[in-house]
Amino acid sequence: MRIPLNVLNATLLAVGFGSLASPVVAETRYYDPSNVGGNTTGYELYKTIGCPGRQLLDPPCKEDALPAAVAKPAPAATTKEQCMASAKPGECYVLIVKEPVYRTESVKKLVKEASERVEIVPPVFKAEKVRVTSEEVQEVVPAVYETVKERIVVKPATTRLEYVPAVFEDVEERVMVKPASKKAIEVPAVYEDVTEKKLVRAAYTTWKPGTATSIQRVNEKGEIFCLVEVPAEYQTVTNRVLKTPATTRYEEVPAEYGTVKRTVLKTPETTRSVEVPAEYAERDVAKMVKPATTVTKVVPVDYEREVMTQVQPATEKRVAVPAEYETVDQQVLVSPGKQYCTQVLCDVNATEAKITEIQKALQTAGFYSGPIDGNLGADTMAAVAAFQTAKGLASDGYLTVETVTALGISPQ
């Protein structure tokens, strides 16, 4: 289906875009490939829907084609469980949580859109005097009644209920006094003592927390955890085991019977209905022979009265209502929050010799001037932070494996 250009322009003008057809400056472009959002403000409507000559339902032209999607790198581990999934014994990780940063901005917000309201202009009337020479008057003619004798019901026919008592009789019958049963006799269990070597805890690897000091910690949510090996543990125990389980045997106990006398219902109590006839009497009753009616008569009069005549009917008037705005404060995201894991060296997997090697490398690189003592103290961590900033590495307050590798030192 092809839509003529003049029909498209007429449709856009009908829904409120007539201002777009007004003359624009000489620099106005007919088609802008960078106008991805389809903005028509400041542009002629002609050719803004695509390439020159392209209709609405035609395939996209070269300028309209979107750029090829760029493959995104795989996201880094964001939870403690993802770090643990590929960890090896002796490796330590820290879970770093950074909160999002916001700033407050004042924006103008539309509270109520511009609209129109309809006001009703009342009609205009004019009073005119009219001479009245006659009027219609309605008179009521009363109804006509006569007295007649009628037989009426004084007491309607009814029914009366009579009670018929129940009938009982005595009978003898053989009943069970005590039902048949079984008597349980318990046979105790037999036990013996057995000595064996038992595994108390199998060998395993576990996560050991690093030292939570004020030196190597980014915030209260920072947490260092390391994977270590724990050997198996055994214990010799003597257990009393079951040789023959306890059992139960049963003896049959026969049922007991006896003869008893009982009074049983032979005929239940009932009720029967007895008809009571109606009672009648003759009384004088007033009966309407002719109903009341009204008669219209014309009576001569002579006076003047005012009659309101409509000069102009009621009309509608449309009044434009401007839009309403208000200034409100809203939070704008400056930097999003994030959570990620990174491999670090800490008191669990870093020896004094390794810290000494790191201090020497920092000293050679010109970032450390303190003592070479193998202690990961405040001076050493300050030098680590300065080195990370200079090399464009993440500076989160930890001695990361990435930093150690950048210093030319093996983290092992």
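Tutor: We may begin with Leu362, which, apart from neighbours within four places in sequence, is in contact with Phe367, Tyr368, Thr380, Ala383, Val384, Phe387 and Leu407. The model is a predicted one.

Student: Which residues have the most contacts inside the largest nonpolar core?

Tutor: They are Leu345, Ile358, Leu362, Leu399, Val404, Leu407 and Ile409, in a core of 16 residues. Helices α3 (352-364) and α4 (378-391) each supply at least two residues of this core. A second, separate core has 8 residues, among them Cys92, Cys226, Tyr340 and Cys346.

Student: What makes Phe367 and Phe387 an aromatic pair, and what is the geometry of that pair?

Tutor: Ring centres must lie within 6.5 Å, and planes over 60 degrees apart count as edge-to-face. For Phe367 and Phe387 the computed values are 5.5 Å centre to centre and 85° between the planes, and the pair is edge-to-face. By this rule the count comes to 1 aromatic pair. Phe367 belongs to the loop between α3 and α4 and Phe387 to helix α4, so the pair ties together parts that are 20 residues apart in sequence.

Student: Is Phe387 buried or exposed, and how is Phe367 classed?

Tutor: Buried means under 20% relative accessible area, and partly exposed lies between that value and 50%. Phe387 has 3% and is therefore buried, whereas Phe367 has 27% and therefore counts as partly exposed.

Student: How do you know that the charged end of Lys108 sits over the ring of Tyr325?

Tutor: The distance criterion is within 6 Å of the ring centre, together with a limit of 35 degrees from the ring normal. The charged end of Lys108 is 4.8 Å from the centre of the Tyr325 ring and sits over that ring. Likewise, Lys197 lies over the face of Tyr234, with 5.2 Å to the ring centre.

Student: Why are Glu162 and Arg272 called a salt bridge?

Tutor: The cut-off is 4 Å between a side-chain nitrogen of Lys or Arg and a carboxyl oxygen of Asp or Glu. Glu162 and Arg272 meet at 2.9 Å, N to O, and form a salt bridge. Glu162 is in strand β6 and Arg272 in strand β15 (residues 270-276), so this pair ties together parts that are 110 residues apart in sequence.

Student: Which parts does the pair of Glu173 and Arg262 tie together?

Tutor: The side chains of Glu173 and Arg262 meet in a salt bridge at 2.6 Å, N to O. Glu173 lies in strand β7 (residues 167-178) and Arg262 in strand β14 (residues 256-267), so parts 89 residues apart in sequence are tied together. Salt bridges that share partners also join Arg117, Glu119 and Lys317 into one network.

How values were computed. Residues are numbered from 1 along each chain as its sequence is written. This is a predicted model: local features need pLDDT of at least 70, side-chain atom pairs count only at pLDDT 80 or more; totals for chains, interfaces and linings use all residues. Side-chain values use heavy atoms; hydrogens and water are left out. A nonpolar core is a set of buried Ala, Val, Leu, Ile, Met, Phe, Trp, Tyr and Cys residues joined through side-chain atoms within 4.5 Å. Buried means under 20% relative accessible area, exposed over 50%, partly exposed in between (1.4 Å probe, protein chains only). Helices (H or I, at least four residues) and strands (E, at least two) are DSSP runs, numbered from the N terminus. Contact means heavy atoms within 4.5 Å. Rings of Phe, Tyr and Trp (its six-membered ring) pair if their centres lie within 6.5 Å; planes under 30 degrees apart count as stacked, over 60 as edge-to-face and the rest as tilted.
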